[in-house]
Amino acid sequence: MRPHPDLFDASDEPDELRVVRARGELDLTTVPAFAQELKEARHGTGRLFLIVDLLDVTFMDGSVLDPLCTAWEECRGRLGWLRVVHSRPGPLLVFRAAGLVERFPRYASVRDAWTGVLADRALERRAT
């Protein structure tokens, strides 16, 4: 059974699609567990597509950047990608302050991240 059957059909199933969902606060005290989840999601050796869902994150500080950047680099090294889903202002502020908005553009949903539809494009598409 595929891990996320609602995201794609059998004709476009990727080598490895993983979704990591975070909840609550991501700060110095909680980031180690988040980093471990990201590490576990990257097990294996095949091509890797990783979606990080931050929709339920209520607060995020810069301590999340190191594990996210490490995961991003590994996904790219395995000919895949890492995409971040978020809607609250916190993640955008952290990414903007670190100069990483281009590396971590915003996706509105896991499905949009999978299909590569950026949040602004998704909103435009839904408005028409």
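**Close-up 1. Leu 82 and its surroundings.** Setting aside residues within four places of it in sequence, Leu 82 is in contact (heavy atoms within 4.5 Å) with Leu 50, Val 52, Leu 68, Ala 71, Trp 72, Cys 75 and Phe 104. A quick word on what you're looking at: this is a predicted model, where local features need pLDDT of at least 70 and side-chain atom pairs count only at pLDDT 80 or more, while totals for chains, interfaces and linings use all residues. Residues are numbered from 1 along each chain as its sequence is written, and side-chain values use heavy atoms, with hydrogens and water left out.

**Close-up 2. The largest nonpolar core.** Leu 82 turns up again here: along with Phe 34, it has the most contacts inside the largest nonpolar core, which has 26 residues. Such a core is a set of buried Ala, Val, Leu, Ile, Met, Phe, Trp, Tyr and Cys residues joined through side-chain atoms within 4.5 Å. Buried means under 20% relative accessible area, exposed means over 50%, and partly exposed is in between, using a 1.4 Å probe and protein chains only. At least two residues of this core come from each of β1 (17–26), α1 (31–41), β2 (49–60), α2 (65–77), β3 (81–85) and α3 (89–97). Helices (H or I, at least four residues) and strands (E, at least two) are DSSP runs, numbered from the N terminus. Helix α2 gives the largest share, six residues. Apart from this core lies another one, of ten residues, including Leu 17, Val 85, Val 110 and Ala 113.

**Close-up 3. Strands side by side.** β1 and β2 run parallel and are joined by nine bridges; two strands pair if DSSP finds at least two bridges between them. From Val 52, hop over to Val 84 in β3, which stands opposite. β2 and β3 also run parallel, with five bridges joining them. β1, α1 and β2 make a right-handed β-α-β unit: with the strands pointing away from the viewer, the path from the first strand over the helix to the second runs clockwise.

**Close-up 4. Glu 73 reaches Arg 103.** Side chains of opposite charge can pair when their charged atoms come close. Glu 73 and Arg 103 form a salt bridge, with their closest N and O atoms 4.0 Å apart; the term covers a side-chain nitrogen of Lys or Arg within 4 Å of a carboxyl oxygen of Asp or Glu. This pair links distant parts of the chain, 30 residues apart: Glu 73 sits in helix α2, and Arg 103 in the loop between α3 and β4 (106–107). Glu 73 is partly exposed at 47% relative accessibility, and Arg 103 is partly exposed at 25%.

**Close-up 5. Other charged pairs.** The structure holds seven salt bridges. One of them joins Asp 120 and Arg 106, whose closest N and O atoms are 3.9 Å apart. Asp 120 lies in helix α5 (residues 119–127) and Arg 106 in strand β4, so the pair ties together parts 14 residues apart in sequence. Asp 120 counts as exposed, at 53% relative accessibility. Salt bridges that share partners also join Arg 42, Glu 74 and Arg 78 into one network.
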